[in-house]
Amino acid sequence: MRYRFLLILFVAFSVGCVSSIPEGTPTAKIRFTSDVPVVITPVCTRNESVIRRGSVKVGLKEESSVKMYGTRSDKTNDVIERLIPAERTLPFRIRWGHYGHPRLTSCEVFFYFTPRPNEQYQADYALGNSQCTIKLYQLSQSNGTIKKTEIPASRFEAKDEEAVCRKSD
């Protein structure tokens, strides 16, 4: 019984709360992908209530309720997709961590961008040579073909989080 409670508690904290974007707010959609297990969290207290945290390749199955170009119904947490507010600066933190070694190894990316209403985006995280990168794309679809157009994602350091949060207000 105790283990079941701990499992439920772990899932609740891992998945986060259901997002609550106020009705009438312009929205966009974003898909996060990664080549390693990562956790994605919104930065700033204000964003935590409207953007649900998530994980990619961590093992929890999550069916997307957000239908994007190329959404696969058979995915098992290979990606996560989120409905996000548009027309405001949205900062995110994507973190990879390896805890199997004597020292904690991690690589995190802090980035922000301003999504446009009704647009779709994809953020691809990659880890290579002890360095992590993020590439942000705007997605479009024509004749059944999905096109990815790279757009700038502004990176920032953890120490600058407060200034970025003020900018997103």
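This is a predicted model: local features need pLDDT of at least 70, side-chain atom pairs count only at pLDDT 80 or more; totals for chains, interfaces and linings use all residues.

Visitor: What percentage of the residues in the protein chain is buried?

Guide: Buried means under 20% relative accessible area, exposed over 50%, and partly exposed in between, with a 1.4 Å probe and protein chains only. The protein chain has 169 residues. The buried share of them is 38%.

Visitor: Of the contacts in the protein chain with a separation of 6 or more, what percentage is due to residues 24 or more positions apart?

Guide: A contact requires heavy atoms within 4.5 Å. Among contacts with a separation of 6 or more, residues 24 or more positions apart account for 59%.

Visitor: How many disulfides does the whole structure hold, and what is their pairing?

Guide: A disulfide is a pair of cysteine sulfur atoms within 2.5 Å. A search of the whole structure finds two disulfides. With the bonded cysteines of the protein chain numbered in sequence order, the pairing is 1-4, 2-3.

Visitor: Which parts of the chain does the disulfide of Cys 44 and Cys 165 tie together?

Guide: Cys 44 is joined to Cys 165 with an S to S distance of 2.0 Å. Both Cys 44 and Cys 165 are buried. Because the two cysteines lie in separate elements, the pair ties together parts that are 121 residues apart in sequence: the loop between β2 (38-42) and α2 (45-48), and helix α3 (residues 161-168).

Visitor: Why is the disulfide of Cys 44 and Cys 165 assigned its handedness?

Guide: The assignment rests on the torsion about the S-S bond. This torsion is about -100°, so the disulfide of Cys 44 and Cys 165 is left-handed.

Visitor: Which strands does the disulfide of Cys 107 and Cys 132 link?

Guide: The sulfur atoms of Cys 107 and Cys 132 are 2.1 Å apart, and the angle about their S-S bond is -90°, a left-handed link. The pair connects distant parts of the chain, 25 residues apart. Cys 107 belongs to strand β6 (residues 105-113) and Cys 132 to strand β8 (residues 131-142).

Visitor: Is Cys 132 buried or exposed, and which residues does Cys 132 touch?

Guide: Cys 132 has a relative accessible area of 4%, so this residue is buried. Not counting residues up to four places away in sequence, Cys 132 touches Cys 107, Glu 108, Val 109, Tyr 125, Ala 126, Leu 127 and Arg 155.

Visitor: With which side chain does the side chain of Asp 124 make a polar contact?

Guide: Asp 124 is found in strand β7 (residues 120-128) and counts as buried at 16% relative accessibility. A polar contact is a pair of N or O atoms within 3.5 Å; within protein, one must be able to donate a hydrogen and the other to accept it, and residues adjacent in sequence count only if both atoms are side-chain atoms. At 3.2 Å, the partner of the Asp 124 side chain is that of Lys 148.

Visitor: Where are the buried residues of α3 placed around the helix axis?

Guide: The buried residues of α3 are Val 164, Cys 165 and Ser 168. They cover an arc of only 100° around the axis (taken from the directions from the helix axis to the C-beta atoms), which puts them on the same side of α3. Glu 162 and Arg 166 are exposed on the other side of α3.

Visitor: Is Asn 118 buried or exposed?

Guide: Asn 118 lies in the loop between β6 and β7, and has a positive phi of about 65° although it is not a glycine. At 69% relative accessibility, Asn 118 counts as exposed.

Key. Residues are numbered from 1 along each chain as its sequence is written. Side-chain values use heavy atoms; hydrogens and water are left out. Helices (H or I, at least four residues) and strands (E, at least two) are DSSP runs, numbered from the N terminus.
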